[in-house]
Amino acid sequence: MAEMNPGQTWECEQKLPLPIGVSNYCLAASEYYYIDKTMMIKDFIDERPPMVTLFTRPRRFGKTLNMDMLRTYFERSDKDTSVYFRDKKIWSCGQKYRDYQGRYPVIFLTFKDVKFDTWEETFAALRDIFAKEAQRHKELQSSEKCDGYSRKVYERLVNGSATEVELSSALLDLSAMLHSHYDVAPVIIIDEYDTPIQQGHSEDYYDKIIRFMRNLFSGGFKDNIFSGMNNLSINSVLDNKYSAYFGFTADEVREMAAYYDAADKYDEICQWYDGYLFGKTEIFNPWSVVSYFSNKCEPRPFWVSTGSNDVIGEVLAVADNEIYDRLTSLVNGETFTTFIDTDVIYPQIKSNPSTIYSFLLMTGYL
């Protein structure tokens, strides 16, 4: 070990920790290495209308973190949450955008853990999720701006006694009460709405969960926020809008590599974790890139093991020789042209195996 000379000092820069599994925006933005995606807020504000936007991206591409970022930015709070944005890009966009910060009541629901074998268990879990969200808005319990009937509905939500019919209108009821109480329409954010739907498909209660979700969303969004479901704006991996906000861009990966003293590893990162094209934007798999740095720059297929591949196995089980040949050609670096349907739903996958290409693309396997 080298000896220090008199008067010599050593400088050791403490690097920010990597945000592996961190989906809380305040925590990620203040205590971890955070890639600034706050310009998504500006684009979201500038695009109004449409009033309802659906983002579809593969798992582990930053959807939950971005949804929590939106929640933190827009939600009214007793705390000054602007501190989490003052050093971010959105704050330099001007007062017009700052005026939206902390202005709205927010309904935030995540269905990511609703993975049960039966509809009864699924319904119980959904009822618990709504009860906890209702509890976050305790001001409604005694609000003089809400009528007696609404407060009784709120009580049934908050104590977990709502029936299936009552729960299917929970979004409508809760948002209407917040609108009355604050004199401004709430922001509704729903994360991983499709998790219980996929589970219902796998466990044979698809029809029940779909009927419930259809009633829940049509009640919560129709008239309350917009008229009818035809104004829904869908942003998939094929669209240019918001394309840079889910996953890491090439410049973001270069900057991150340089920060962790691994600039020379950029080509290796490209070989392993590049290859996504969202709209016209080249995107790196964020989970894999972060895991790569955490794993001392030893490459592994980190993303594949982060979720279930049951649906793909189900499709392959009924695939014909043509599909196998085409998938083999893709693995071998070849190409082919096929129709892509961004609206494919789970029952169609099994009845029409050729939809596997759409499913693989939307879920990040291609």
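Modeller: Buried means under 20% relative accessible area, exposed over 50%, and partly exposed in between, with a 1.4 Å probe and protein chains only. The model is predicted, so local features need pLDDT of at least 70 and side-chain atom pairs count only at pLDDT 80 or more, while totals for chains, interfaces and linings use all residues. Residues are numbered from 1 along each chain as its sequence is written, and side-chain values use heavy atoms, leaving out hydrogens and water.

Colleague: Is Cys297 buried or exposed?

Modeller: Cys297 has a relative accessible area of 17% and is therefore buried.

Colleague: How many disulfides does the structure hold?

Modeller: A disulfide is a pair of cysteine sulfur atoms within 2.5 Å. The structure holds zero. The sulfur of Cys270 lies 13 Å from the closest cysteine sulfur, in Cys297, which is too far for a bond.

Colleague: Where is Met69 found, and with which residues is Met69 in contact?

Modeller: Helices are DSSP runs of H or I with at least four residues, numbered from the N terminus. Met69 belongs to helix 3 (residues 63–74) and is buried, at a relative accessible area of 0%. Contact means heavy atoms within 4.5 Å. Beyond its neighbours within four places in sequence, Met69 is in contact with residues including Tyr25, Tyr34 and Phe85.

Colleague: At what angle do helix 5 and helix 6 pack?

Modeller: Axes are lines fitted to C-alpha atoms over the stretch in contact, and angles run from 0 to 180 degrees between N-to-C directions. Helix 5 (residues 119–135) and helix 6 (residues 148–158) pack at about 120 degrees, with axes 7 Å apart. Phe130, Ala131, Ala134 and Gln135 of helix 5 make the contact with Tyr154, Leu157 and Val158 of helix 6.

Technical notes. Helix = DSSP H or I, 4+ residues; strand = E, 2+ residues; numbered from the N terminus.
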